[in-house]
Amino acid sequence: KRNILIIGGGGVARVVAHKCAQNNAVLGDIHIASRTLAKCHAIIDSIHDKGSLQRPGTLQAHALDAMDIEATKFLIRATRSQIVINVGSPFLNMSVLTACIETGTAYLDTAIHEDPEKVCENPPWYGNYEWKRRQACKNARVTAVLGVGFDPGVVNAYARYAMDTYFDSVESIDIIDVNAGSHGRYFATNFDPEINFREFVSTAWSWENNAWKANAMFEHRKDWDMPVAGLSTTYLTGHDEIHSMSKNLGVPNIRFWMGFSEHYINVFTVLKNLGLLSQHSVRTARGQEIVPLEVVKAVLPDPASLAPAYSGKTCIGDLIKGRKDGLPQEVLIYNVCDHKTSFEEVGSQAISYTAGVPAVAAAMLIAEGTWDIGEMVNVEELDPKLFIALMNRMGLVTRVRSAQGDHIVDPQPDVI
Ligand code: NDP
């Protein structure tokens, strides 16, 4: 399969576009579409500025409202795209997936579908939307790899790889996401504030003893000794991958921990308690209807504008506990990514970089056939070895820390 249509013109789309350009001998033509044509043109300009194209080839911008299924189908056909990488907002997933099923095009995304009207849904999240289209994918022989960013995405592959390689049985998987970087602003979110806050305003679900457990956000705190980042404070948070991994891996405890500074929590709590994170409109004294969250979004820094000044590193990985050969075993499988290096290479910070690179690695595995399985899957259902090996070469290096020490993981060094 060849020719890529990238949907979205944000930080992650920028990384995806650069990485596709760096691999266009395999991926073919590259098309970028969002509602704002100028965003797509800016990405193309930066690819030319940095000389990212592996070889001369098509690189084109398009204006598209991807909520419009017919317009999306038209663009897929007009560009002869065989793989769509959906890195637009999570509200677009179902319309883009439908366009892919109806045109027989492979589909990738990096986040679970969200309904703008529903702030937080109860598990089973994937079951509410994407998984309802499984049979349709199978009938159309369409490959759809869901949630192939870093978390969800790489952390799912890490779990699968570690279970296959280091364990006979696994008791718990703790996914730990720490951003030890600094953007130097008083307060900002690393991606769309609306999406960011939606994640934290409601119940934090975790998978405990083979059952869903509801927790309050910021109720459970845990400090971890993370490589490079050092002692890091995290809080139990609900996240997409807990749902699919709990269904697919047979592990009794799966939790997601996100790093937050005290400052972030204080500002967030004030905004929330004042009602400024509400999506319900209020009427001002002058009779204007305004949505508080939209006002907050308007006054916060544009997440993309943080990238040039961002310094420090992210460290994201899975701490896995279980048994091997009758003995207790503990393994941390992880990646460290540098904000500045990411910016110098592709013009985005490390959070966008860690989400975008895996999506392109997955596209390459579909293009080359290994992951082109003609059905809908989550990442942990696929063989992780080639994926990890490919990402090692594309800028995201996987390491493992265990009682035996800390080393790079390179599952199949000569395959690609
Ligand atoms: P941004 O908000 O920066 O970008 C989203 C883009 O979607 C915008 O450029 C917007 O452009 C475009 N868009 C929105 N609505 C439409 C529409 N109707 N039609 C076409 N394009 C549209 O987000 P990010 O780049 O930071 O993130 C992209 C995705 O990646 C999100 O789903 C996010 O949740 C996910 N993500 C996943 C991570 C992971 O590790 N798995 C980590 C980080 C992000 P315009 O307004 O011009 O249309």
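Modeller: In this predicted model, the cover over the buried residues of helix H13 includes helix H1 (11–22), helix H3 (37–49) and helix H14 (350–367), together with strand E7 (169–179), strand E15 (313–324) and strand E16 (327–338). The residues that are buried in H13, which spans residues 339–346, are His 339, Ser 342 and Val 346. Viewed down the axis of H13, these buried residues fall within an arc of 65°, and therefore they line one face of the helix.

At the start of H13, Asp 338 places a side-chain oxygen within 3.1 Å of the backbone nitrogen of Lys 340, while after the helix comes Gly 347, which has a positive phi, near 85°.

For a view of helix against helix elsewhere in the model, one may turn to helix H9 (residues 193–200) and helix H12 (residues 292–299), whose axes come within 10 Å and cross at roughly 125°. Because angles from 65 to 115 degrees count as roughly perpendicular and those over 145 as roughly antiparallel, H9 and H12 are classed as oblique to each other, and their crossing is right-handed. The residues that meet there are Pro 193, Glu 194 and Phe 197 from H9, and Leu 293, Val 296 and Lys 297 from H12.

How values were computed. Residues numbered from 1 in each chain as written. Predicted model: local features only at pLDDT ≥ 70, side-chain atom pairs only at ≥ 80, totals over all residues. Heavy atoms only, no water. Buried < 20%, exposed > 50% of the residue type's maximum accessible area, 1.4 Å probe, protein only. Helix = DSSP H or I, 4+ residues; strand = E, 2+ residues; numbered from the N terminus. Arc of directions from axis to C-beta. Contact = heavy atoms within 4.5 Å. Polar contact = N/O pair within 3.5 Å; in protein donor to acceptor, adjacent residues only side chain to side chain. Axes fitted to C-alpha atoms, helices over the stretch in contact; angles between N-to-C directions. Parallel < 35°, antiparallel > 145°, perpendicular 65-115°, else oblique. Left-handed = near helix turned anticlockwise from the far one by under 90°.
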